[in-house]
Amino acid sequence: MMAYIIRRVLYAIPILIGVNILTFVLFFVINSPDDMARMHLGVKRVTPEAIESWKREHGYDKPLLYNDRAAGAARFTDTIFFQKSLKLFQFDFGLSDSGRDIGYDISQRMWPSLAIAVPVLFIGLLVNISYALLIAFFRATYIDFWSVVLLVMMMSISSLFYIIGGQYLVSKVLHLVPISGYDTGLAAIKFLILPVIIGVVGGIGAGTRWYRTLFLEEINKDYVRTARAKGLSERLVLFRHVLKNALIPILTGVVVVLPLLFMGSLITESFFGIPGLGSYTIDAINRQDFAIVRAMVFLGSVLYILGLILTDISYTLVDPRVRLS
Amino acid sequence: MTVQPVILWTDALVFLLVALAVLFAWMARGREHLRAPWRYVARSRVGMASLVVLAVYMAIGLLDSLHYHPLLPKAGDNGHGPRHSAEIVSLFDAIVAPLRERSEKTYSAPLAWRLYAKESIERPDGTVYRDYPRLKYGGAHLKEPAREWGPDIRRRMALGLVKAAVIWAVVAASLALLLARRDGIPLSVMFGRLARGETAIPWRTVLATLGLVLAATLVVIELAAGYHVLGTDKVGEDVLYQALKSIRTGLVIGTLTTLVMLPAAILLGIMAGYFRGWVDDVIQYLYTTLSSVPGVLLIAAAILMLQVYMNNHQGAFNSLTERADLRLLFLCIILGITSWTSLCRYLRGEALKLREVDYVQAAVNFGVGHFTIIGRHILPNVLHIVLITVVLDFSGLVLAEAVLSYVNIGVDPSMNSWGNMINSARLEMARDPIVWWSLAAAMIFMFVLVLCANLFADVVRDAFDPRLRNSRD
């Protein structure tokens, strides 16, 4: 088991290097730092000196890969690739283009993101599984049919509509909770209720439909027929057999997104003015702050790969058959 | 020559896609195993109903993909022959020219005859008072709008319904006539079968859907002749026109994204599964790396870089339209790069299974070349997976466009798209009284398209994957 985990972690290293090279190419090779400087300074008042000083301020005034003016190891370390890209491996994100410490910002902003993402995930899971079980219990009846119709319609509505419509209805018409904002500590709850509810409702369509398919697939299997033939009640069959076995794909699907919860949701956070990592990323995109976007790309990939490793491990834990292969 | 056609990049690809679809249909015509799933689709009521609606969207999208430089009005004929405007418009623009040209000053509500906000108006005698000014076009034909408005709207709607009923009756009658002649039965019997829904292909459902679509279209056409059916936006542009123009953007994103990713996904996926060994390792490494970058961030990074590039190379684009078009294409490619990995993984698994099948092993032992085997035996056996993926991805991509445009990393802000409409509508919700029509229009148009695409995709998946069909019932 340990060897398996170590192998999985080792396998992640070349992938992270690949991501690193990809971001490096995307941010520094396709467009040179000169282009970035010109973009930031505006096209009109660009002088070569202004570009140089912008690059010096942000540490982009080095060669990309090889510095022939330095001596010894500094030939490779005093380059953009080493300073900006390789340092990401130490989780040293450096300064943003506006001069703030990215690592500190991330550590501050991940908590509001988690405060929304974690409840959305777990309440959503509870709601979706209960609803899907209900549909599975009433399968091939009108409840099943109209539920599926409802779910497909809910899937077809843009997430933007849930947010705008929910904000309008709950905050503006009914005045139940503030439209947007954030506070520290427990005072944050009144700001969190609406985004969490909207997040859960927005996920019902796709989530419940997927779980319904899983349950129905499981219900048609032989061991379920055996259980029924033994004379077990439908309730027992559903909860003791079907639910337990269908939970395997559901759980692994959840484990894969667990680490990514840190990243928050771009849209929800920006609509509700929550100072999480999602709105951090959006602000960076709108301000064209390349350093932050680069850091977030790398962080996101690390978390995704972590999710994959956790999935593999959880698979071996819940399904012993996988361990053998 | 009256017009000078322009073929934008996305236009070319859209028509390539249409050509591919026609070619595929022609190939499938003579092959029973390919026709059978489509027959299943054709016999599904949900499938045919959503297909009718999708066809309307596609027709608008295709008309909107025929671009040209319009002829300039003959200002001064100085011997240069006809002169063309630098502007690029589409055939669809020409058809709905009144919608495009009749713009008001600012916001106006759907079907309104006066502006949304009060303004100072000067009477002929020089005194000034504050009131809602009349619109330039919306309801301009009414002499006493306060009294005539209601009856006029009702009259136009009734007229639209009557016209729709006439067209629908003609279509229904000719369909019955055609079917009766084909089956060699009297027309009256055919009418009875149609009315009771006893035909193999659910023509009754098709006709019902068609009736609804016709009624909606003709009522809107009648109303649009005198009003702004969905109101106007901040700069007075007709919202209905914007929503209709956005159809093409949505369709292009939904279809071209999968089209541009298909070659890579199919080739790499099959090669990884078929050759195994180091080829498999390299390809797996490639797609794991790409898929481990969160999609939104990769798109954001790529679009940011594109903006930098376009800013620094402004001379490379002839017009705003071409620039917006290239950005759209680029967005499709980037979306394709982020979404090809799942299909590739799927195809690899399938190819792994197929290479062990007896007839493939036999072909290997006969000394058939690898690429012949892939083309002859493996590719045809994974095409249904490709098709299912293409259809299933469509609705997700249409929805993704709206979200990306909202974050400003979607299509060009100058391009009509539902995402851009929602993005600009976001501030309008805070006005008092609220301006809801832009948002509602974008949402409804998007909802209908995505809903039909979802329903159709389900039918197609059931048709091509019988294993799923059995376990789902």
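## Area buried between chains A and B

About 4,300 Å² is buried between chain B and chain A, and carbon and sulfur atoms give 72% of this area; buried area is the accessible area (1.4 Å probe) that two parts lose on being put together, summed over both. The model is predicted, so that local features need pLDDT of at least 70 and side-chain atom pairs count only at pLDDT 80 or more, while totals for chains, interfaces and linings use all residues. Residues are numbered from 1 along each chain as its sequence is written, chains are lettered from A in the order in which they are written, and side-chain values use heavy atoms, without hydrogens and water.

## Contacts across the interface

In chain B, 48 residues are in contact with 49 residues of chain A (contact: heavy atoms within 4.5 Å). The rule finds one salt bridge across this interface, a salt bridge being a side-chain nitrogen of Lys or Arg within 4 Å of a carboxyl oxygen of Asp or Glu. Arg209(A) pairs in a salt bridge with Asp458(B), with 2.8 Å between the closest N and O atoms.

The elements giving two or more residues to the chain B side include α10 (277–292), α11 and α16 (437–464); helices are DSSP runs (H or I, at least four residues), numbered from the N terminus. With 13 residues, α11(B) gives the most to this side.

## Leu306(B) in helix α11

Helix α11 of chain B spans residues 295–312 and contains Leu306(B). Leu306(B) is buried, at a relative accessible area of 12% (buried: under 20%, 1.4 Å probe, protein chains only). Beyond residues up to four places away in sequence, Leu306(B) touches Arg327(B) and Phe330(B). From Gly295(B), Leu306(B) is 11 residues away in sequence and 16 Å away in space, C-alpha to C-alpha.

Terms used: Buried means under 20% relative accessible area, exposed over 50%, partly exposed in between (1.4 Å probe, protein chains only).
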